[in-house]
Amino acid sequence: MDNLRAFDKQVLSNEIGRSALEIARIAKQNVVVGKYEKTGSKEKKTGGNLRQSIKSEAKGKTAEVVARAKYAPYVEFGTGGLVDLTDMLELGIPASYAAQFKGKGIKNVNLPARPFFFNAARIGLKNLLVRLNGEIKKAIK
């Protein structure tokens, strides 16, 4: 039991922080970034605001990963008839969460979903559980 108490105090907060960083890193790798513009004989990637807006913060046994760009949900879920909530629903987050980002129907814009955030969270949380399982097994030996 003493080993499990030590595990709780030392390892859990480290693993949660590690997972938050991992989720942010994966999300940044997966996010669609701007487009290429030709300037003279070179191509330059434009955009990147969404990637730069992805941040993680961990304090003790809690962590937060956010994409602060206002248009992040529209990239993640798509718009109009092309909305896809699969990754979010697989994490157990209710569809009502995405409803707050639904447009007012003024414009008919159908952009495909380009998931980057919730699939990263799913991967990061799965990796966290695998690591915690290994740490618990080590602690009870």
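Tutor: Let's start with a word we'll need: two residues are in contact when heavy atoms lie within 4.5 Å. This is a predicted model, in which local features need pLDDT of at least 70 and side-chain atom pairs pLDDT 80 or more, while totals for chains, interfaces and linings use all residues. Residues are numbered from 1 along each chain as its sequence is written, and side-chain values use heavy atoms, with hydrogens and water left out.

Student: Which residues is Met88 in contact with, beyond its neighbours within four places in sequence?

Tutor: Met88 contacts Phe77, Ile93, Pro94, Ala95, Tyr97, Ala98 and Phe118. Across the protein, 66% of the contacts with a separation of 6 or more join residues 24 or more positions apart.

Student: Why is Asp87 called buried?

Tutor: Asp87 has 13% relative accessibility, and buried means under 20% (exposed is over 50%, partly exposed in between, with a 1.4 Å probe and protein chains only), so Asp87 counts as buried. Asp87 sits in helix H4, residues 86-90, and touches Pro115, Phe118, Asn119 and Arg122, leaving out residues up to four places away in sequence. Of the 141 residues in the protein, 33% are buried.

Student: How do you know that E3 and E4 pair?

Tutor: Pairing takes at least two DSSP bridges between strands. Six bridges join E3 (residues 54-59) to E4, and the two run antiparallel, so the pair qualifies. Ala58, for example, has Ala63 in E4 as its bridge partner. In this hairpin, with two residues between the strands, Gly60 takes a positive phi near 60°.

Student: How many helices and strands are there?

Tutor: There are six helices and four strands, taken as DSSP runs numbered from the N terminus (H or I, at least four residues; E, at least two). Their order along the sequence is α-β-β-α-β-β-α-α-α-α.

Student: What makes a set of residues a nonpolar core?

Tutor: Its members are buried Ala, Val, Leu, Ile, Met, Phe, Trp, Tyr and Cys residues joined through side-chain atoms within 4.5 Å. The largest such core here has 23 residues, and Leu50, Val65, Phe77, Met88 and Phe116 have the most contacts inside it. Helices H1 (2-30), H3 and H6 (118-139) each give two or more residues to this core, and H1 gives the most, with five.

Student: By class, what is the lining of the second largest pocket like?

Tutor: That lining has 12 nonpolar, no polar and two charged residues. Ala, Val, Leu, Ile, Met, Phe, Trp, Tyr, Cys and Pro count as nonpolar, Asp, Glu, Lys and Arg as charged, and the others as polar.
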